[in-house]
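Here is a quick walk through one model, written for someone who likes cut-offs spelled out. Have a look at the sequence and the coordinates first.

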Amino acid sequence: MSAPTLGVIGAGVIGSSVAHAAAAAGYAVTLVDTDTAALDAARAAVRRHERLAALLGGRGPRPLDIRLSTDLADVADAGFVVENTTESEPGKRELYTLLDKALAPGVTIAANTSAIPIARLAECLADPGRVVGAHFMNPVDRIDMVEVVRAPSTSDTALAAARDLLGRMGKRSVVVNDAPGFVINRVLMPVVNLAAAVVADGVATPHQVDELFKGCLGHTSGPLRTADLIGLDTVVRTLEVLHEHYGTTEFATHPHLRRMVDEGRTGAKSGRGFYSYDGS
């Protein structure tokens, strides 16, 4: 019997990690990005994931069925699609219009967005019922919970397909209703924003902030280490989306965060954020 097929759109940190996790679960994956440099980085990331999995599993590397492409038409035969593109509503809406034409009727699209309401993306399709939110957390291989978002238009079939995919990938899921930022980022982003303010004001270092969250609140990772893993550029874009929708001060990006991003300190992926990742 042939492997189930999955299209993954967007070859960034999350997209490449989702592609690897799905391939490891037995899916034939096509990973699409218009940026060839992103695909090259994704190829290297998948190899790192597989070497680590082989090391931890005590086996030799196992070839995974992951095809890389710059052509959206290559996901036309996919049985399910996960979208992981940059947090830009105009860009995502343009992509969803193209996916509506490229995919077979009834194929579910899981939107992996940080804050954009799923309904805003689903309305770009002739059948908005086939769009559901699937908010993966980074690192995908270590966090087994996924925030699943049901828009008012999301069909029972699409919801069941998403939860089946996640189950096959070894993920648990909690289904929530649609709103900007859903649950995780509507709560987390103001915390990161305020934690950045604490650091900027000289009240505490990033390490001290995170140690307090871990020691006092039982978090496995503090807000600033988490922000570095997410990517501070993504944090800023998410805050901007939330501020646009809610208009309240807790979502107004703190200048310290914006300055870090302007300086290229975007977190683990750039080697520097609130912490240094250059081995020093």
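In which helix does Ala 21 lie? Ala 21 is in α1, the helix of residues 13-24.

## Ground rules

This is a predicted model, where local features need pLDDT of at least 70 and side-chain atom pairs count only at pLDDT 80 or more, while totals for chains, interfaces and linings use all residues. Residues are numbered from 1 along each chain as its sequence is written, and side-chain values use heavy atoms, with hydrogens and water left out.

Helices (H or I, at least four residues) and strands (E, at least two) are DSSP runs, numbered from the N terminus. As for cover, buried means under 20% relative accessible area, exposed over 50%, and partly exposed in between (1.4 Å probe, protein chains only). Ala 21 counts as buried because its relative accessibility is 18%.

Strands pair here if DSSP finds at least two bridges between them. There is an open sheet of 8 strands, in the order β3-β2-β1-β4-β5-β6-β7-β8, and the pairing is mixed. At the edges sit β3 (66-69) and β8 (172-177), each pairing on one side only. From one strand to the next the twist averages 25° (axes are lines fitted to C-alpha atoms, for helices over the stretch in contact, and angles run from 0 to 180 degrees between N-to-C directions).

Now zoom in on β6. It is largely enclosed by the rest of the structure, because 5 of its 5 residues are buried. In a regular strand, side chains alternate between the two faces of the sheet. Both faces of β6 are covered: Val 131, Gly 133 and His 135 are buried on one side, Val 132 and Ala 134 on the other.

What about the neighbours? β5 (residues 108-111) pairs with β6 in the parallel sense over 3 bridges, and Ala 111 stands opposite Gly 133. On to β7: β6 and β7 run antiparallel, joined by 3 bridges, with Val 148 as the bridge partner of Ala 134. Then β7 (residues 145-150) runs parallel to β8, with 6 bridges between them, and Arg 150 stands opposite Asn 177.

Most residues other than glycine have a negative phi, and most peptide bonds are trans. Two spots are worth checking against that. Asn 138 and Pro 139 are joined by a cis peptide bond, with omega about 5°, and Pro 139 is in the loop between β6 (131-135) and β7.

Phe 182 has a positive phi, near 55°. Phe 182 is in the loop between β8 and α6, and at 5% relative accessibility it counts as buried.

## Salt bridges

Side chains of opposite charge can pair when their charged atoms come close. The criterion here is a side-chain nitrogen of Lys or Arg within 4 Å of a carboxyl oxygen of Asp or Glu, and the whole structure has 13 such salt bridges. One of them joins Asp 100 and Arg 130, with the closest N and O atoms 3.1 Å apart. That pair links distant parts of the chain, 30 residues apart: Asp 100 is in helix α3 (residues 89-102) and Arg 130 in the loop between α4 (118-122) and β6. Asp 100 is partly exposed at 21%, whereas Arg 130 is buried at 4%.

Asp 144 and Arg 172 form another, at 3.2 Å between the closest N and O atoms. Asp 144 lies in the loop between β6 and β7 and Arg 172 in strand β8, so the pair ties together parts 28 residues apart in sequence. Asp 144 is partly exposed at 33%, and so is Arg 172 at 48%. Glu 263 and Arg 265 also meet in a salt bridge (3.5 Å, N to O), with Arg 265 buried at 19%. Finally, Glu 89, Arg 93, Arg 120 and Glu 123 are linked in a network of salt bridges.

## The annotated C-terminal span

UniProt, in an unreviewed entry, lists residues 181-277 as "domain: 3-hydroxyacyl-CoA dehydrogenase C-terminal"; its positions are in the numbering used here, feature names are shortened, and annotations may be inferred rather than shown by experiment. The span is 62% helix and 0% strand, and its end C-alpha atoms lie 28 Å apart.
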